[in-house]
Amino acid sequence: MCGIVGLFAKDPELEPELGRLLASMLGVMSDRGPDSAGFALYGAGERGRIKLTLRGRDLDGVASALGEGVLGTIRDTHLVLSIAGSDEARVRTWLAEQRPDLVIIGAGERIEIFKEVGRPAMVAERFGLPDMAGTHGIGHTRMATESAVTTDGAHPFSTGRDQCLVHNGSLSNHRNLRRMLERRGISFATDNDSEVAAGYLSWRLREGASLTEALEASLDDLDGFFTFVVGTESGFAVLRDPIACKPAVMAETDRYVAFGSEYRALVGLPGIAHARVFEPEPARVYAWQRA
Amino acid sequence: MPVVDLAVTAKRGLNERLHRLPHDTLETVWLIENPQGQHALAAGLTAPVTVEIAGHAGYYCGGMNQRATLIVHGNVGVGVGENMMSGKIHVKGDASQSAGATAQGGLLVIEGDASARCGISMKGADIVVKGSIGPMSAFMAQSGNLVVLGDAGDALGDSIYEAQIFVRGSVKTLGADCVEKEMRDEHRRALRQLLDSAGIDGTVSVDEFRRYGSARRLYNFHVDNAASY
């Protein structure tokens with residue numbers, strides 16, 4: 001089944017609240033996905049530096065072992081490294097050689113990604129989501145039907161810098177797409193079909209498409225059921241398949257745009273009683289950009 | 001008038017109270033506050049009471065309704081009035097997918113839009129949508145009436161049986177075996193009654209509507225139609 005949520009702040013005053021609001025949305029969606037949960041948040045960034053989100057054990061000392069200029073923030077099973085952009089190749093090589101057990105699940109100027117097995121409210125709490133600030137974020141609660149309950153299978157998936165995707169549904173041509181994308185240099189960390197959707201969008205964006213164009217192209221190339229919520233450094237978008245197989249409801253006010261698999265996920269948002277609540281149409285891209 | 005605040009009372013408790021009402025109850029008007037999009041609100045009612053829901057409701061609101069009148073002051077999720085038998089459901093906002101699915105009787109009025117699959121497999125209910133309806137509406141609809149003041153999406157009335165569809169606006173495409181039909185006096189009279197029952201006054205004329213229904217070409221298997229089944 002799965003539940004997905006997304007929140008995009010238009011009003012900067014909402015940014016300190018973003019984590020708290022997203023956490024409550026995820027908690028409500030436990031009923032749709034009690035196995036595992038994950039979220040991506042676009043927090044503060046620094047020009048010339050990038051963040052790598054790593055997942056694994058024994059995270060103490062990783063940042064210091066990488067030497068000067070590397071800052072690390074440990075949140076439960078995840079470590080967010082802040083490094084100089086010019087230092088990325090060295091850091092990645094070091095990690096591959098010294099700590100091959102750690103998985104890099106996201107990279108970008110502002111994105112941070114966290115995912116873990118367990119009840120969504122608990123997962124959000126473990127990572128301290130309620131205290132996080134950001135401009136936008138997306139989240140996912142998973143009810144595994146086709147593959148095991150593992151952290152690898154949890155969303156969001158990130159296959160490009162500052163890009164991420166959550167997916168409710170299933171794709172039937174993901175094997176073919178994966179081969180096509182691998183030939184074009186997109187690499188995948190899991191066998192998951194949703195990761196292929198993320199990779200597809202990364203490929204389109206890399207080839208120069210806008211987020212809206214990339215999603216529109218996916219309507220022709222992806223076969224299956226999907227509701228996607230997608231984040232980029234400055235963008236936030238929603239797309240449902242042409243027969244709108246999976247549920248979706250959105251709310252928009254002057255202060256934010258919010259997405260939920262069900263309206264229940266949105267009831268805690270400020271001013272929801274006066275928000276424009278609507279159901280996104282099938283096969284239509286809804287996208288917002290930060291100025 | 002009983003007022004139930006779902007911010008403090010569990011939904012199941014509310015539904016149980018409504019289910020236990022005798023048909024001659026004097027508690028005939030109920031107000032439900034803070035519905036917060038919860039599912040199955042006021043589903044399975046059998047007593048002729050009026051239940052007003054002050055806010056948005058979730059899935060299957062008023063499902064299987066018999067005799068009761070439901071007024072939702074907000075939007076409803078998937079499957080409002082699913083398999084309704086009788087009574088009336090009045091949604092002041094929009095409805096999500098599969099509104100009135102398989103409904104066998106009663107009247108469902110939606111002030112706003114209804115999304116995909118409105119009236120799917122309806123079996124005798126009347127559905128009046130003042131806005132527009134989404135794709136694949138009235139799929140395999142068997143009997144009853146679907147009235148739409150706005151537009152209809154793709155594949156309207158696909159594989160329809162004997163339900164009647166009246167659309168005032170445009171129809172994006174018709175589904176397999178659904179065709180436009182002549183609007184005769186008997187249809188105008190029936191449509192007028194439906195509009196009246198939904199509280200739509202004479203400013204909306206029945207002459208603005210077109211009628212759609214089954215071409216009856218798919219009733220019996222014919223190999224030439226194999227691709228359409």
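**Exercise 1. Contacts and size of chain A**

Among contacts in chain A between residues at least 6 apart in sequence, what percentage join residues at least 24 apart?

Solution. The model is predicted, so local features need pLDDT of at least 70 and side-chain atom pairs pLDDT 80 or more, while totals for chains, interfaces and linings use all residues. Residues are numbered from 1 along each chain as its sequence is written, with chains lettered from A and ligands numbered from 1 in the order in which they are written.

Step 1. Two residues are in contact if their C-beta atoms, placed from the backbone, lie within 7 Å. On that basis the share is 72%.

Step 2. The C-alpha trace of chain A spans about 50 × 40 × 35 Å along its principal axes.

Step 3. The globule rule is 2.2 Å times the number of residues to the power 0.38, and the radius of gyration is taken over C-alpha atoms. For 291 residues a compact globule would be near 19 Å, and the 18 Å of chain A agrees.

**Exercise 2. The strand β13(A)**

Solution. Step 1. Strands (E, at least two residues) and helices (H or I, at least four) are DSSP runs, numbered from the N terminus. Chain A has seven helices and 15 strands.

Step 1. Strands pair if DSSP finds at least two bridges between them. Strand β1 (residues 3-9) of chain A is joined to β13(A) by five bridges and runs antiparallel to it; in this pair Leu7(A) stands opposite Ala258(A). Strand β12 (residues 249-252) of chain A is also antiparallel to β13(A), through four bridges, with Glu252(A) opposite Val257(A). A hairpin of three residues joins β12(A) to β13(A).

Step 2. A residue is buried if 20 or more other C-beta atoms lie within 10 Å of its own, exposed if 12 or fewer, and partly exposed in between, with C-beta atoms placed from the backbone. Of the 291 residues of chain A, 50% count as buried.

**Exercise 3. The core around Leu7(A)**

Which residues have the most contacts inside the largest nonpolar core?

Solution. Step 1. A nonpolar core is a set of buried Ala, Val, Leu, Ile, Met, Phe, Trp, Tyr and Cys residues joined through C-beta atoms within 7 Å. The largest has 73 residues, and those with the most contacts inside it are Val5(A), Leu7(A), Leu22(A) and Ala197(A).

Step 1. A second, separate core of 69 residues includes Ala43(B), Ala116(B), Ile120(B) and Val129(B).

Step 2. Leaving out residues up to four places away in sequence, Leu7(A) touches several residues, among them Leu18(A), Met25(A), His136(A) and Ala258(A).

**Exercise 4. Helix α6(A)**

Step 1. Because 13 of the 14 residues are buried, α6(A) is largely enclosed by the rest of the structure. Gly208(A), with a positive phi near 105°, follows α6(A).

**Exercise 5. Ser98(B)**

Is Ser98(B) buried or exposed?

Solution. Step 1. Ser98(B) is found in the loop between β5 (88-91) and β6 (107-110) of chain B.

Step 1. With 27 other C-beta atoms within 10 Å, Ser98(B) is buried. Not counting residues up to four places away in sequence, Ser98(B) touches Val78(B), Gly79(B), Glu82(B), Arg117(B) and Ile120(B).
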